[in-house]
Amino acid sequence: MTSNLETQLLALREEGEKAIAAADTLESLEELRVKYLGKKGSLSVLLGGMGKLPAEERPKIGAVANTVKEALQTSLDRQRTALEAAKIQAQLEAETLDVTMPGIYYPQGRVHPINGMIDRALDIFVGMGYTVASGPEMETDYYNFEALNTPPDHPARDMQDTFYLPDGNLLRTHTSSVQIRYMENEEPPIRIVAPGRVYRRDNVDATHAAVFHQIELLAIDEGLTFTDLKGTIKVFLQAMFGELPIRFRASYFPFTEPSAEVDLQWNGRWLEVMGCGMVDPNVLKAVGYDPEIYTGFAAGFGVERFAMVLHQLDDIRRVYASDLRFLRQF
Ligand code: 2NL
């Protein structure tokens, strides 16, 4: 005989399965789970009546209750999977990217002519095996002058020519101080190139700025000669300006001996573009190198001056004025 409780269980299963199949959101599905299978759900309530059954019917009803429970759980799982898939599908459709829509325009900017110049020069030296070195813009008197064989009465050390800070330090007047620091910390062979901002107490005009950029190179090794210096400079200048005539003219710097200026024939005129020389033995001694074993060469040039020659600029102040009509040309 089919008991009343069994009929109710089977009816619950039918009702539950219908309701679950009709659930159209994950939230309403969860409500149905609680309603049918929850602690105080319909199944629990029905099974609460088991106690009134005759003992011999209980196992059978228990088995029916289990199949009902499993059937409802299976329906719930299947419907959850289907609803989740539908939700993702709806999201994919809603978020479809229209690749034909016009984009948002972000102005790109470009490399400043001074930085472009520095990048080009460094590339050439890195191609010759040089390492880029940098150091502080605020320096001590020692690294900027004394280690560079520049005597106390040299005009560069005058208050008129250098920015001194109240504590006795100064703003570096060349990047040579970077090379002194590098030599102190490393042993030959050395090949370095030091770009950077330098400061001079100049009156600003079309060809002078108080803050400008310099690049210096330094090579120290056993057996380096003036020929190595000339070859290096020639390769560099021709990579920079093209196959133009260059000439070396005797000159003077406190930190090199002999020293020379380098001229470049540009548009039919000789232009002075660099200074250079063999590193003075006193500079090698200052960093603890034995000048009987090592020799070296060094050179320096102003980045703005190179830019003015290459780009035919009439006034150095243009490169600092941030006038977009000017900057957009590079
Ligand atoms: C110029 C000339 C020069 C150097 C820089 C140098 C550095 C060390 C030792 C020896 Cl650590 N020399 N630098 C040498 C000759 C010329 O620059 O006209 N610069 C704008």
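**View 1. The exposed face of helix α1.** Turned away from the buried side of α1, this face carries the exposed residues Asn 4, Glu 14, Lys 18, Ala 21 and Ala 22. Here exposed means over 50% relative accessible area, buried under 20%, and partly exposed in between, with a 1.4 Å probe and protein chains only. This is a predicted model, in which local features need pLDDT of at least 70 and side-chain atom pairs count only at pLDDT 80 or more, while totals for chains, interfaces and linings use all residues. Residues are numbered from 1 along each chain as its sequence is written, and side-chain values use heavy atoms, with hydrogens and water left out.

**View 2. The buried side of helix α1.** On this side, look for Leu 5, Glu 6, Leu 9, Leu 12, Gly 16 and Ile 20, the buried residues of α1. They cover an arc of only 115 degrees around the axis, so they sit on the same side of α1; the arc is taken from the directions from the helix axis to the C-beta atoms. Their packing partners are α2 (26–37), α3 (42–48) and α4 (58–94). Helices (H or I, at least four residues) and strands (E, at least two) are DSSP runs, numbered from the N terminus.

**View 3. The loop glycine, Gly 41.** You will find Gly 41 in the loop between α2 and α3. Gly 41 is buried, with a relative accessible area of 1%. Apart from neighbours within four places in sequence, Gly 41 is in contact (heavy atoms within 4.5 Å) with Val 34, Lys 35 and Tyr 36.

**View 4. The seven-stranded sheet.** This open sheet has the strand order β1-β4-β5-β9-β8-β7-β6, with mixed pairing. Its edge strands, β1 (131–132) and β6 (246–253), each pair on one side only; two strands pair if DSSP finds at least two bridges between them. Antiparallel to β6 runs β7 (residues 256–266), and seven bridges join the two.

**View 5. His 174 and its surroundings.** His 174 belongs to the loop between β3 (170–171) and α7 (176–185). With a relative accessible area of 6%, His 174 is buried. A polar atom of the His 174 side chain lies 2.9 Å from the backbone oxygen of Asn 144. Beyond its neighbours within four places in sequence, His 174 is in contact with Asn 144, Leu 148, Val 198, Arg 200, Gln 214, Glu 216 and Phe 255.

Technical notes
A polar contact is a pair of N or O atoms within 3.5 Å; within protein, one must be able to donate a hydrogen and the other to accept it, and residues adjacent in sequence count only if both atoms are side-chain atoms.
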